Amino acid sequence: MPFPLFTRFLLAGLTALCLLLGSALPAWAEFSLPPLPYAVDALEPAIDATTMTIHHDRHHGAYVANLNGQIQANPSLADLNLNDLQAKISQFPVAVRNNGGGHWNHSLFWTLLAPAGQGGSPSQDLIAAIDRDFGSMQAMRTQFEQAATTRFGSGWAWLIRKPDGSLAITSTANQDNPLMDIPGIERGVPLLALDVWEHAYYLKYQNRRPDYIQAWWPLVNWQEVNHRYAIATSGR
Amino acid sequence: MAHTLPALPYDLDALEPHISRATLEFHHGKHHAAYVTNLNNLISGTELENSGLEEIIVAVAGDAGKAGIFNNAAQVWNHSFYWQCIKPAGGGAPSGALLDKINADLGSFEAFVEQFKAAGATQFGSGWAWLVLDNGSLKVTKTPNADLPLAHGQTALLTMDVWEHAYYLDYQNRRPDYMTTFLEKLVNWDFVAANLAAA
Ligand SMILES: [Fe+2]
Ligand SMILES: [Fe+2]
């Protein structure tokens with residue numbers, strides 16, 4: 001797969017050139033595609049290397065490129081980090097919402113995956129909160145699967161920590177997410193996320209979204225979920 | 001009245017290499033079939049049990065409490081229509097009254113192609129691009145997910161499925177390549193012309 005290597009080489013080259021010339025990165029490079037935190041085949045066989053390559057390099061890459069393409073028409077984008085943008089997304093055109101959401105969602109999604117057996121397990125604090133708000137870990141999983149399965153069309157399923165401290169399962173359409181200030185979105189800090197766009201699973205699972213969801217659970221990076229929960233809780 | 005899955009109007013491999021046998025097997029045999037099954041399950045024992053497909057769609061359109069019925073009924077309709085909009089050795093440009101109407105209402109065939117591709121490209125997420133008749137005029141539109149012209153008082157003449165499942169096995173993320181192939185190699189303009197004549 002020469003494409004990802006080539007892309008990385010190109011980005012590294014561009015950065016080096018800018019450093020060499022003592023200039024800031026051009027405006028269109030304001031947002032950048034983070035590299036995957038593992039090899040493209042690290043999640044095999046549940047998520048295959050081809051899917052990971054296309055999903056990261058092409059889909060996520062396009063969200064980044066298209067978001068950067070919006071900077072000229074929306075100069076205030078250049079002053080916002082990606083996280084802060086989400087909570088102000090209603091002030092921007094729909095192309096910023098779609099691509100800014102797509103960039104944020106995928107950037108999070110990669111960190112919430114780990115090769116099977118390497119993601120650890122839920123912390124005592126997180127287990128206690130899940131038991132408190134769902135009854136059991138199994139009940140949370142069932143609700144999450146329900147949200148992921150019934151999201152019609154393209155979108156995401158989430159485990160969030162709401163502003164009142166409670167946990168909830170939600171789902172959003174397309175590239176919306178629970179940080180966005182959009183009417184109708186249940187807001188909170190995402191702890192766990194699952195991409196249920198068909199592009200996330202079609203090459204391997206085709207119409208069988210439930211099989212993809214089952215295959216995904218062993219890939220959850222609970223260490224990252226624990227970390228996100230600890231930060232969200234301490235920020236209260 | 002149980003709704004049924006219509007047979008494809010051509011063989012599963014008839015659209016190769018533009019749309020593969022595998023894509024049609026899943027798209028028709030799994031996705032379209034599931035919408036039919038889900039619809040029959042959802043209306044069983046309800047007042048819609050004996051209603052026709054279009055009657056159901058119009059009855060539940062805009063009713064948030066019946067979104068499941070709308071989604072499945074509309075997707076049954078959309079896919080049955082979509083299969084007829086494409087054929088082996090299709091594509092190219094229309095002629096006769098349809099072309100005259102495109103020229104009159106949209107400016108030119110090239111303008112139609114541009115608008116239709118733009119509709120498909122900008123339908124973010126899942127959905128459909130359409131050529132419709134709206135109050136006597138041709139229009140290019142797009143709809144998200146299962147939504148369709150019938151729910152907006154328009155008559156559908158042509159549609160292109162831009163759910164990722166329609167093209168992912170053959171084109172992956174390259175929706176523009178699928179759209180170009182759809183227009184150049186697959187559109188069944190005779191079907192579109194017949195829809196216009198009947199409208
Ligand atoms: Fe995705
Ligand atoms: Fe479809």
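This is a predicted model: local features need pLDDT of at least 70, side-chain atom pairs count only at pLDDT 80 or more; totals for chains, interfaces and linings use all residues.
**Entry 1, chain A overall.** I began with the elements of chain A and found nine helices and three strands. Reading from the N terminus on, I noted the order α-α-α-α-α-α-β-β-β-α-α-α. I then looked up burial, and of the 236 residues of chain A, 36% count as buried. For the contacts in chain A between residues at least 6 apart in sequence, I recorded that 67% join residues at least 24 apart.

**Entry 2, the hairpin.** I turned next to strand β1 of chain A, residues 155–161, which runs antiparallel to β2(A) and is joined to it by seven bridges. To place one of the pairs, I looked up A:Gly155 and found A:Ala173 in β2(A) as its bridge partner. β1(A) and β2(A) form a hairpin with five residues between them, and in the turn I noted A:Gly165, whose phi is positive at about 95°. I also checked how covered β2(A), residues 167–173, is: the strand is mostly covered, with five of its seven residues buried.

I looked up the contacts between the chains and found 17 residues of chain B in contact with 16 residues of chain A. On the side of chain B that touches chain A, the elements that give two or more residues are α1 (21–43) and α6 (168–171) of chain B. Of these, α1(B) gives the most, with four residues. Sorting that side of chain B by class, I recorded seven nonpolar, eight polar and two charged residues.

Note on methods
Residues are numbered from 1 along each chain as its sequence is written. Chains are lettered from A and ligands numbered from 1 in the order in which they are written. A residue is buried if 20 or more other C-beta atoms lie within 10 Å of its own, exposed if 12 or fewer, and partly exposed in between; C-beta atoms are placed from the backbone. Two strands pair if DSSP finds at least two bridges between them. Two residues are in contact if their C-beta atoms, placed from the backbone, lie within 7 Å. Ala, Val, Leu, Ile, Met, Phe, Trp, Tyr, Cys and Pro count as nonpolar, Asp, Glu, Lys and Arg as charged, and the others, Gly among them, as polar.
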